[in-house]
Amino acid sequence: MRYLGCHVGMKAPRYFEGSIAEALSYGADACMIYTGAPQNSKRKPIEEMHIEQGIKLYQDAGWQAFQIVVHAPYIINLANSIKEDTAYFGRDFLKEELRRTAAIGSHYLVLHPGSHLKAGVETGVEWIVNGLNDVLDQDDSQVIICLESMAGKGSEVGQTFEELARIIQGVHRSDRIGVCLDTCHLHDAGYDLDDFDALMDEFDHKIGLDRLKVFHINDSKNIRGSHKDRHENIGKGNIGFETLARIVHDSRLEDVIKILETPYIEDQPPYQDEINRLRAWNPEDQ
C-alpha cells in the first residue's frame, strides 16, 4: 500500500513549503492542500508561496509531483443556474485555480461538482458541463480536474456514479476529467462499502477505474444513506476501521492517492496515528 496522506494547511510564513513539511511530520507520502481559504477567493500571489522550497523538500523526501493534490474552494458552484453570475464567477475562479495548481506542479485538482439549488439534476448537470467546457477549452495545462463524489446533501450533484458519468460524457476534453471518491460521501449517499468489490465493479462499469485518481478516506458520523456528509475519525464512525483499512490496502487502488480528511481531536491533528494504524493493518491478522 502506498500514497497515503492527509489534508494539510497552507499558511504564513512558509506556505507551500510548510504544507509539505507538515505532511512529512505525520509520516505521510501524499498530501492535499487548498491554495488559499476554501470559503473565499482571497489568494496569495504565486510568487510568494515558497513553491521552489516546497518542491525541493518533497523531492528530497522521494516524492513526485502527483503525490500532491489540490482541492478547489467550496465557493465554486458551476451548477448554479439560479444566480448565473455566481456560476460564471466560479468558472473564472476555477481557471485561476488550475493556473495555481499547475504552478505548484500538482497533477490533480479536486472539485465539488456543484449544487443545482432546486433547479433539478438535469439542469445542474447541463450547467456543470458547460462550465467545465468553458474552463478547459481555455486552459492549456495538463492538470486533471477530479470530480468528487458527493453525499447528496441538499441539492448536490454527483451523489451517484450515473450523475458523474453524465458530466464526464458531456465534457469536450474528457481526458482532463478524473474522479475523486470519498468513503464518507459514498456511505452517506447509500453505497455499501462493506461490499467493496461490487462497488468497484459498478464504478468501473459506469465510469472506469482508469479515471479514479484520488480517494478521500474518512469514517462517517451517520448511518448509510443519510445524505448528511459529516466526517468522523478512522474507526470511530459507522463505516469502521477494518472496512476503511481494506479499502486503503486494496490492490486496485495501488496508484490512487489516498487522503485523510478526518476531524481534529482536542484541537490536535490525528493524522500520524491514523496513517500508522492504517499502514500497519494486515488482513491475515484478522
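# Chat about buried spots and helix packing

Q: Is Thr 262 buried or exposed?
A: Thr 262 has a relative accessibility of 2%, so it counts as buried. The cut-off for buried is under 20%. Keep in mind that this is a predicted model.

Q: Where in the fold is Thr 262?
A: Thr 262 sits in the loop that runs between strand S10 (257-260) and helix H9 (271-280).

Q: And what is Thr 262 in contact with, leaving aside its neighbours within four places in sequence?
A: With those set aside, the contacts of Thr 262 are Ile 217, Asn 218, Glu 232, Asn 233, Ile 234, Pro 270, Tyr 271 and Glu 274.

Q: How far is Thr 262 from Leu 24?
A: Their C-alpha atoms are separated by 17 Å, and the two residues are 238 residues apart along the chain.

Q: Switching to helices. Which residues of H7 are buried?
A: In H7, the buried ones are Phe 196, Leu 199, Met 200 and Phe 203. Looking down the axis of H7, these buried residues fall within an arc of 95°, so they line one face of the helix.

Q: OK, and what's exposed on the other side of H7?
A: Asp 201 and His 205 are exposed there.

Q: What do the buried residues of H7 pack against?
A: They pack against H5, strand S6 (177-182), helix H6 (183-189), strand S7 (212-217) and helix H8 (241-248).

Q: Tell me about H5. At what angle do H5 and H7 pack?
A: Helix H5 (residues 161-170) and helix H7 (residues 196-206) pack at about 25°, and their axes are 10 Å apart. Angles under 35 degrees count as roughly parallel, and that makes H5 roughly parallel to H7. The crossing of H5 past H7 is right-handed.

Q: Which residues make that contact?
A: H5 brings Phe 161, Glu 162 and Ala 165, while H7 brings Leu 199, Glu 202, Phe 203 and Lys 206. By class, the contact of H5 with H7 has four nonpolar and three charged residues, with no polar ones.

Q: How about H4 and H5, what's their angle?
A: Helix H4 (residues 121-136) and H5 pack at about 40°, with 9 Å between their axes. The two helices are therefore oblique to each other. H4 passes H5 in a right-handed crossing.

Q: And who makes the contact of H4 and H5?
A: On the H4 side it's Val 121, Glu 122, Val 125, Ile 128, Val 129, Leu 132 and Asn 133, and on the H5 side it's Glu 163, Arg 166, Ile 167 and Gly 170. The contact of H4 with H5 divides into six nonpolar, two polar and three charged residues.

Q: Now H2. Which residues are buried there?
A: In helix H2 (residues 51-60), Ile 51, Gly 54 and Tyr 58 are buried. They span an arc of only 60° around the axis, which puts them on the same side of H2. Glu 52, Lys 56, Gln 59 and Asp 60 are exposed on the other side of H2.

Q: What covers the buried residues of H2?
A: The cover includes helix H1 (16-25), strand S3 (68-71) and helix H3 (84-104).

Q: What about Asp 229, what phi does it have?
A: Asp 229 has a positive phi as well, near 60°, and is a residue other than glycine. Its place is the loop between strand S8 (219-220) and strand S9 (231-232).

Q: And where is the cis peptide bond?
A: The cis bond joins Ala 12 and Pro 13, with omega about 5°. Pro 13 lies in the loop between strand S1 (4-7) and H1.

Q: Which glycine follows H2, and what is its phi?
A: Gly 62 follows H2, and its phi is positive, near 90°. Just after H7, Gly 208 has a positive phi of about 110°.

Methods:
Residues are numbered from 1 along each chain as its sequence is written. This is a predicted model: local features need pLDDT of at least 70, side-chain atom pairs count only at pLDDT 80 or more; totals for chains, interfaces and linings use all residues. Side-chain values use heavy atoms; hydrogens and water are left out. Buried means under 20% relative accessible area, exposed over 50%, partly exposed in between (1.4 Å probe, protein chains only). Helices (H or I, at least four residues) and strands (E, at least two) are DSSP runs, numbered from the N terminus. The arc is that of the directions from the helix axis to the C-beta atoms. Contact means heavy atoms within 4.5 Å. Axes are lines fitted to C-alpha atoms, for helices over the stretch in contact, and angles run from 0 to 180 degrees between N-to-C directions. Angles under 35 degrees count as roughly parallel, over 145 as roughly antiparallel, 65 to 115 as roughly perpendicular and the rest as oblique. A crossing is left-handed if the near helix is turned anticlockwise from the far one by less than a right angle, and right-handed if clockwise. Ala, Val, Leu, Ile, Met, Phe, Trp, Tyr, Cys and Pro count as nonpolar, Asp, Glu, Lys and Arg as charged, and the others, Gly among them, as polar.
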